[in-house]
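Here is a short report on one helix, the core it joins and the aromatic pairs close by in the text. Please keep the sequence and the 3D view open while reading.

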Amino acid sequence: MRVALAQLLACSEARTAGLTLEELLSLRLYTGPMYAHYNAVLRGHRAREYVTTIWMVASGIVKLAQNMKLPPDRRLYRGLSGGLLPERFVAPDAHGCRGGVERGFMSCTLRQSVAAQYVKARPSSHTPPGPPRCAASPLALQLRASVAVT
């Protein structure tokens, strides 16, 4: 369903959060095919492009998060296909820690079935630069959502 930006700007969530037209437009662009371009920049795979738009997306997310009430048991799902995880994601370091941080915006869904579709998607042939990585394999994540904005 297509909704005009003016309608989105007038919705209660946008007004309560104090979203600007620029933030709303940037968030709308992110929900379409531009997400791949923005995340490529954030993950260091492309030159520093779209700086203003990425700033507006982040600003809009922060404003929405500051005004959002999430249920304490909210679960989100993310499916990945053919992603290459850093070796440190599965192998503990000297302190016994393992894992990682996503440098891009992380899209998730409330529905496990939607995440499962991404797990089954065709793997990427792109191998990003950086440290050694684990073998590419499908991955499904279940995340506990919380809002912690400083």
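In this predicted model, helix H5 buries Ile-54, Met-56, Val-57, Gly-60 and Ala-65. Seen down the axis of H5, these buried residues fall within an arc of 165 degrees, so they line one face of the helix. An α-helix has 3.6 residues a turn, so residues three or four places apart point the same way. On the other side of H5, Thr-52, Trp-55 and Gln-66 are exposed. What do the buried residues of H5 pack against? Their partners are helix H3 (21–30) and helix H4 (34–42).

H5 covers residues 51–66, which is 16 residues. At 1.5 Å a residue, H5 should span 22 Å. Its end C-alpha atoms are 23 Å apart, which agrees.

**Tyr-30 and the aromatic pairs**

Leaving aside residues up to four places away in sequence, Tyr-30 touches Tyr-35, Tyr-38, Asn-39, Val-57, Phe-105, Met-106 and Ser-107.

How many aromatic pairs are there? The count comes to 2 aromatic pairs. In one, the rings of Tyr-30 and Tyr-35 have their planes at 85 degrees, so the pair is edge-to-face; planes over 60 degrees apart count as such. Tyr-30 is buried at 10% relative accessibility, whereas Tyr-35 is partly exposed at 40%. In the other pair, the planes of Tyr-38 and Tyr-50 stand at 70 degrees, so this pair is edge-to-face. It links distant parts of the chain: Tyr-38 lies in helix H4 and Tyr-50 in the loop between H4 and H5, 12 residues apart. Tyr-38 is buried, with 1% relative accessibility. Tyr-50, at 29%, is partly exposed.

| Pair | Ring centres | Ring planes |
|---|---|---|
| Tyr-30 and Tyr-35 | 6.3 Å apart | at 85 degrees |
| Tyr-38 and Tyr-50 | 5.4 Å apart | at 70 degrees |

Terms used. Residues numbered from 1 in each chain as written. Predicted model: local features only at pLDDT ≥ 70, side-chain atom pairs only at ≥ 80, totals over all residues. Heavy atoms only, no water. Helix = DSSP H or I, 4+ residues; strand = E, 2+ residues; numbered from the N terminus. Expected span 1.5 Å × (residues − 1). Buried < 20%, exposed > 50% of the residue type's maximum accessible area, 1.4 Å probe, protein only. Arc of directions from axis to C-beta. Contact = heavy atoms within 4.5 Å. Phe/Tyr/Trp six-rings, centres within 6.5 Å; stacked < 30°, edge-to-face > 60°.
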